[in-house]
Each structure stands twice: as C-alpha cells, then as structure tokens.
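Dear colleague,

I am handing over the structure below, with a short account of what was found in it. Please read the account with the structure open beside you.

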Amino acid sequence: MDLLVDLFNDYTLRTVALGAALLGISSGALGGFALLRRQSLLGDAISHAALPGIALAFLLTGSKSPLVLVLGAGVVGWFGSVLIAALTRRTPITYDTSLGILLSVFFGFGLVLLTFIQRMPNANQAGLDSFLFGQAAALMQRDIMVIVGIGSVVLLITVLFWKEFKLISFDPDVAQTLGFPVRALEHLLTALLVAAIVIGLQTVGVVLMSAMIIAPAAAARQWTDRLGVMIVLAAIIGAVSGVGGAVSSSLVPNLPTGPIIVVVASIIVLISLLFALRRGFVFRKVREWKSGRALRVDAVLVDLYTLASQHETAGYPHSERVLNVMSTMSGTARRTLKLLETLELARPIDAERWALTSEGEERARRVIDRQFGGRS
Amino acid sequence: MSASIEIQLIAVTVAVACALPGVYLVLRQLAMMSDAISHAILPGIVIAFFLTEDLGSPLLIVGAALAGVLTVALVEVLRKTGLLKEDAAIGIVFPALFSVGVILIARYAGDVHLDVDAVLLGELAFAPFDRLVVGILDIPKSLAVMGVILILNVVFITLFYKELKLATFDKALAASLGFAPAVIHYALMGLVSVTAVGAFDAVGSILVVALMVAPPAAAYMLTDRLRTMLVLSAALGIVSALSGYWMARMLDASIAGSMATMAGVVFGIVLAFAPDRGLVSMARRQSRQRRAFARDMLLIHLYHHEGLPEARRECREGHLQEHLQWDPEFASTAVKTALKQDLMISQEGFLSLTESGRQHAQHALVHI
C-alpha cells in the first residue's frame with residue numbers, strides 16, 4: 001500500500017511512471033505490427049540511427065527542448081528507415097546487412113557529432129548523452145508532454161488506419177490488388193514506428209529502446225491469434241513493464257530505469273513463452289502428453305477388442321503378453337492397462353489376463369469407427 | 001613508436017580482425033548477430049570481472065566468449081520452439097543480457113573503471129597508455145590483444161576454409177557430407193564474440209558492428225569469389241579505419257565514431273560505383289537496354305509496314321505516339337538512336353530503313 005501512496009504522492013516517481021507507461025503503450029502497439037511484418041530488428045536500427053538526429057537538432061537550433069530533439073531524432077530515424085528499405089529493394093544487399101550498416105554507421109556518425117559538440121566552446125551540451133542509455137529519473141513534465149502528445153497522435157493514426165495496416169501486415173499482395181497504396185501505407189506505418197521509438201529514447205536510451213518494441217509484442221503474440229487483442233495486450237504489457245521498471249528502480253538504489261524496464265519486459269516474455277494458453281511451452285507439453293496417453297489407451301483397447309472379436313463374447317480375456325507383442329508403442333502394455341482399469345474400460349481377470357468391460361467395448365467400437373470411417 | 005602510429009596500427013588490426021569473420025556473417029545473413037553478440041557479451045565481461053577482480057585478466061575474454069555463445073544458443077532455443085521468428089528471438093535475447101550487464105555494473109561495480117560508455121563507445125585515443133612490456137617489446141596492450149585475435153581469426157579461417165565455405169553456401173550438403181554445420185556455426189559465433197570483446201575496450205561495440213558488416217558488404221558488391229571477398233573486406237576495412245582516424249584528428253572527435261562513419265562512406269562509394277553491380281553501372285545498363293529495345297521495336301515497326309500502302313501514314317515519328325502509345329521522349333530517343341547508328345533515314349518526318357536497318361529488324365524479329 002505504501003508503494004501506491006508513494007506512486008500518487010511522489011512527484012518524480014509519478015512523472016517517471018506515467019512517462020514509462022505511456023511509452024510502453026505506444027511502443028507495444030506499434031511493435032505488434034513490426035513483429036508481424038518481420039521487422040523486429042528495425043526498431044534496433046532506427047533507435048541507433050536516430051542518434052545523429054539529436055545531435056544535429058542541437059547543432060542547428062542550439063536548443064535542448066525535448067520537442068526539438070525528438071523531432072530531429074524522428075527525421076533522421078525515418079530517413080534511416082527509408083535508406084534501409086531502398087538498400088534492400090534496389091541493391092543486392094540483404095535486409096539484415098542493411099540494418100547492420102545503417103545502425104552502426106549512423107550511430108558512429110552520431111558519436112562524432114556528440115564529441116564534436118562536447119569540444120565546442122561554450123556549448124551547454126550536458127544532457128545529450130542521456131539519450132544513449134536513457135535517464136528516466138530525469139524525466140520532467142515537459143518530457144511527459146512530448147511523450148503524451150506524440151504518443152496519442154501515433155495511436156490515433158493507428159486506429160484510423162487499422163484496416164489498412166492489418167491488411168498490409170498479413171497480405172501486402174492482396175492489399176496491392178485491391179488498390180491500396182501499399183508502399184505509402186508501409187512508409188506511414190514505419191514513420192509511426194519511428195515516432196514511437198524516438199519518444200522513448202530519453203527514457204530507456206538508444207541501446208535498449210529496441211527491446212521496448214519487440215518484447216511486449218512477442219509476449220502478447222503468445223496469448224492470442226487475433227490482431228486487435230494482440231495489439232491491446234502488447235500495449236498493456238508495455239505499460240506494465242514501464243511502470244514496473246520505474247517503480248522498482250525508485251525502490252532499490254543504483255538500479256538504472258531503462259535496463260530494469262527491459263528486464264521486466266523480458267521476464268513477461270519468458271512467462272508468456274512458457275505458460276501461454278494453447279501456444280505456450282508448458283501447455284503444449286501437457287497436450288502432447290495427454291494425446292500420447294489417449295493414443296496408447298485407444299491402441300490397447302482396440303487390440304483387446306480385436307482379440308476378443310474372435311471369440312463369442314467381447315469380454316473374453318487375453319494375456320498381457322499377447323498385448324505386449326501386438327503393441328506398436330514402446331514399452332509394455334502394463335501401464336496402459338492399469339490406466340484402463342482406473343478408467344473402468346478393462347479389468348484384470350487373474351494375474352495375467354485382461355478383459356474389456358462393456359464401456360471399454362463401446363469405446364473400442366467408437367475408436368474403430370473413427371479410424372476406419374465406419375467401414376468395419 | 002609515436003602514439004599516432006600506434007593508434008593507427010591498432011585500428012588497422014581491429015579492422016582486419018573484424019572484417020574476416022564479418023564476411024561469413026554477411027554471407028549467412030547473420031549481420032545483426034554481430035550487433036547482438038557485441039552487446040550481449042557485457043554480462044560475461046562483468047561476471048568474469050567479479051570473479052577475477054582484474055580488468056586485464058584474460059578470463060574476461062573467456063567470459064565474453066561464453067556470453068556470446070550463450071546468446072547464439074538462446075536465440076536458437078527460442079527459434080526452435082517455433083513461437084518466435086529468428087529476428088524477434090535475437091531482439092529479445094540481447095537487450096535482456098545487455099540490461100543484466102548494465103544492472104550488475106550499476107549495482108555492484110559503481111566504483112571501478114568499468115562503465116557502460118566505455119564498452120559501447122570505446123576510446124581509441126587512450127589505447128597507447130595501457131602498455132604491455134615483455135622483455136624489449138613495449139607495445140600497447142590492445143595492440144597485443146587484437147594481434148593475437150587477428151592471428152586466431154586468420155588461422156581459423158585458413159584451417160577451416162573449406163568447411164566454412166560449404167556450411168555457408170550449402171548447409172544441407174555440408175550436413176549430409178558430415179561436416180557438422182552446427183559446430184561450425186557455434187565456432188564462428190565464438191570467434192565473433194572473441195573478436196568483439198577484444199575490440200570493445202579499444203573501439204567499442206558499435207564500431208565492431210560497423211567493421212564487421214560494412215566492409216564485407218562493400219566487398220560483396222565487387223566480387224563473387226569468397227577468397228577475393230575476404231581480401232577485399234580486409235582492404236576496405238583498413239581504408240575505413242585509416243581515413244576514419246584522420247577524420248577524427250581533423251574534427252577532434254571520437255575516433256571510433258569517425259571510423260564507423262568512414263566505413264559507411266566507403267560502403268556508399270562502392271555501392272554507387274562498383275563496376276558490375278553498382279548503382280551507376282546498373283542504371284546505365286538499364287537505360288542502354290531500354291534504348292536498344294526501343295530502337296529494335298521501331299525498326300520492326302518500320303519493317304512491318306515497309307512498302308505497303310499505309311507506310312506513308314505509319315512510318316512517321318509522330319505516329320509512334322498514337323499507334324505504339326510511346327511516351328514522346330521515349331519515341332524521340334528511339335528515333336535518335338536508330339538514326340545515329342545509320343539503321344534508318346528520315347526525310348521530312350518520313351522514316352525509312354537502310355539496308356543494315358532492314359537486316360537488323362529481321363534479326364531482331366527472330367531474336368526478341
């Protein structure tokens with residue numbers, strides 16, 4: 001409870017948590033599209049490529065206003081994404097190599113500019129470095145205003161173009177034949193991704209911003225097959241990671257906010273991969289085990305039925321050893337027979353022989369019907 | 001040796017050491033793996049540092065290499081579940097590991113010289129101050145480290161040249177011949193990690209990415225032969241490193257950043273002017289083909305109507321736009337090209353074939 005009280009009373013914590021939450025919402029939502037379009041690493045490239053934009057904005061205007069810096073980062077980041085698309089489309093250079101080149105060269109150029117600015121006389125450049133690793137604790141009201149302003153425009157456009165974005169994410173060819181301006185829509189979607197990235201640079205930094213794009217989306221993807229649900233879920237997971245990271249870094253000394261946000265998001269991904277319904281690892285293993293068991297039960301049941309059908313009564317008992325020989329499954333039939341006994345589908349007659357119960361007979365007939373399409 | 005020459009020597013060594021494994025990364029479409037590994041080695045370095053409490057310990061390199069291989073293994077595990085695509089797996093694994101490294105430093109190593117800026121950005125200018133003295137040999141430590149790593153890379157690539165080549169270009173064949181492409185994959189990634197960690201304290205991890213990806217990509221524009229590509233990558237890496245160093249001197253800016261920038265500039269120049277696949281030569285080839293095609297179509301058109309009653313009407317420059325629906329500019333290019341090559345003559349707008357033009361049209365009719 002103290003934590004909640006703190007969250008509402010402590011001005012800094014409230015500001016940081018709010019900023020991180022809004023950021024998580026917009027990057028989570030846009031990350032969903034990036035993930036589906038197999039552009040997970042584009043976020044990494046764009047966030048690095050945006051660095052010279054920050055330095056250039058400062059060099060040109062001399063202002064450190066968050067809006068100016070974010071705009072500079074946005075313009076250069078967008079330019080980087082256009083270059084990546086052009087390199088991939090028009091030259092023999094592959095997508096991953098384009099990303100690698102753009103990311104490292106632009107980032108290197110950004111470093112050149114930053115060091116250049118540092119050595120300029122009278123330049124009050126302090127604070128530009130914070131974009132490298134993010135300084136969530138230094139977030140101020142005006143930073144939040146920028147995040148809120150740009151973030152809500154991004155989300156609004158996403159909602160307006162929902163149908164179009166959905167179409168180009170799943171089947172750009174169909175979109176093309178239906179007459180949608182696919183190329184323009186792709187550029188718009190990338191521009192929104194760029195916007196979602198650059199507003200986060202100051203909070204989590206250039207290096208870790210890519211995780212804010214991928215992790216919430218990858219976690220959300222495990223829980224649903226519906227785009228709408230996935231995007232909303234990704235936004236929620238992004239917000240939870242943001243707030244979780246901001247709060248824990250304020251509680252524990254020397255815990256940098258950006259990295260802890262990423263760790264929280266990564267833990268959510270891990271949990272989702274393991275425990276998500278239907279897709280999750282654990283769920284899948286349980287399902288495999290269950291269907292394996294069902295197959296074994298059916299197989300032994302059918303064997304017993306086949307043997308018995310050569311006698312007058314379906315309940316005619318047969319030896320376990322015969323079943324072992326008939327079984328195509330690995331191991332012996334004993335475990336499965338025990339299981340059949342608890343399911344009341346078969347019963348032991350003596351130490352060696354087993355017989356079907358009437359329910360077992362019924363079920364065996366149904367299995368055979370299903371397997372042979374009722375021809376038997 | 002003066003500091004300036006020493007720095008350039010280190011830069012050249014780093015450039016070549018990075019370019020060689022980089023060739024295989026680019027060819028295997030694993031370029032972003034260099035980014036992932038160069039970030040993810042951070043926790044390996046930090047943990048090894050906690051164990052040895054010595055920033056100069058070679059165990060740091062071992063720790064980093066292990067972290068690099070761990071990254072590759074985790075990506076592989078995630079990908080194999082089928083729940084995530086490879087790029088998403090990469091994008092989740094390396095920021096998580098990097099974050100753990102940053103948190104470990106911030107929590108437990110605040111007072112030692114191991115900060116994140118140094119890992120990421122590096123500062124080559126300070127490299128000559130940290131020296132290794134063995135007998136009469138007195139060289140900067142990072143030169144010694146990178147020299148050993150360079151030799152390691154060269155030896156590995158020479159010894160396993162055939163295996164690497166096969167595993168890179170035809171994984172299935174490599175597997176069926178018993179070359180264990182998975183082992184080669186992990187060995188290569190281990191090599192990338194070792195190179196990245198050796199380079200990090202001199203030049204920072206982002207420059208590692210630039211030097212591993214940009215020179216091989218530029219070399220790829222120039223050749224189809226693996227051997228040539230390896231040599232060219234190393235050469236282009238050296239050019240980037242040296243020009244970057246001098247650019248940094250002129251601007252008084254970050255050396256690592258300048259080298260990355262120059263790697264990009266060199267790549268851009270090669271991309272534009274490469275003899276066969278470059279943008280300029282591709283554009284020229286395309287326009288030449290367009291002109292040749294237009295000329296052939298024009299000649300066939302004239303040949304088709306030659307000597308027939310409608311020839312007076314059909315065989316005019318203006319008519320091409322109506323009948324063949326050609327763009328006026330395109331039509332005039334075709335006419336100019338054909339006239340210049342003496343394949344046809346024009347009399348007051350009426351176009352007629354010369355003898356060689358007629359032969360050309362007959363030939364084109366069969367071969368188009």
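In chain A, the side chains of A:Arg365 and A:Glu361 meet in a salt bridge, with 2.5 Å from N to O; the term stands for a side-chain nitrogen of Lys or Arg within 4 Å of a carboxyl oxygen of Asp or Glu. Both A:Arg365 and A:Glu361 belong to helix H18 (residues 358-371) of chain A, where they are four residues apart, about one turn of the helix. Helices here are DSSP runs (H or I, at least four residues), numbered from the N terminus. Over all chains, the count comes to 12 salt bridges, whereas between chain B and chain A the count is zero.

Please keep in mind that this is a predicted model, in which local features need pLDDT of at least 70 and side-chain atom pairs count only at pLDDT 80 or more, while totals for chains, interfaces and linings use all residues. Residues are numbered from 1 along each chain as its sequence is written, chains are lettered from A and ligands numbered from 1 in the order in which they are written, and side-chain values use heavy atoms, with hydrogens and water left out.

As to the contact between the chains (heavy atoms within 4.5 Å), 56 residues of chain B and 53 residues of chain A take part. The area buried between chain B and chain A, that is, the accessible area (1.4 Å probe) that the two parts lose on being put together, summed over both, is about 4400 Å², and carbon and sulfur atoms give 76% of it.

Domain bounds come from an automatic or database domain assignment. For chain A, the assignment gives domain 1 (2-277) and domain 2 (283-371), whose C-alpha centres lie 57 Å apart. For chain B, it gives domain 1 (3-216) and domain 2 (280-367), with C-alpha centres 59 Å apart.

On a 1 Å grid over the protein atoms alone, a cavity is a set of points where a 1.4 Å probe fits but cannot get out, and a pocket is an open set with protein on both sides within 12 Å along at least five of seven lines; lining residues have an atom within 4 Å of a point. A search of the whole structure finds three cavities of 30 Å³ or more, and the largest cavity has a volume of about 70 Å³. Its lining includes A:Pro66, A:Phe131 and A:Asp143, and the elements that give two or more residues to that lining are helices H5 (66-90), H8 (141-160) and H12 (201-223) of chain A.

The second largest pocket holds about 570 Å³ of space. Of the 25 residues that line this pocket, B:Arg28, B:Gln29, B:Leu30, B:Glu86 and B:Ile90 lie nearest its centre, and the largest share of the lining, four residues, comes from H9(B).

With best regards

Terms used
Grid points are joined across faces, edges and corners, and a volume is the space filled by probe spheres set on the points.
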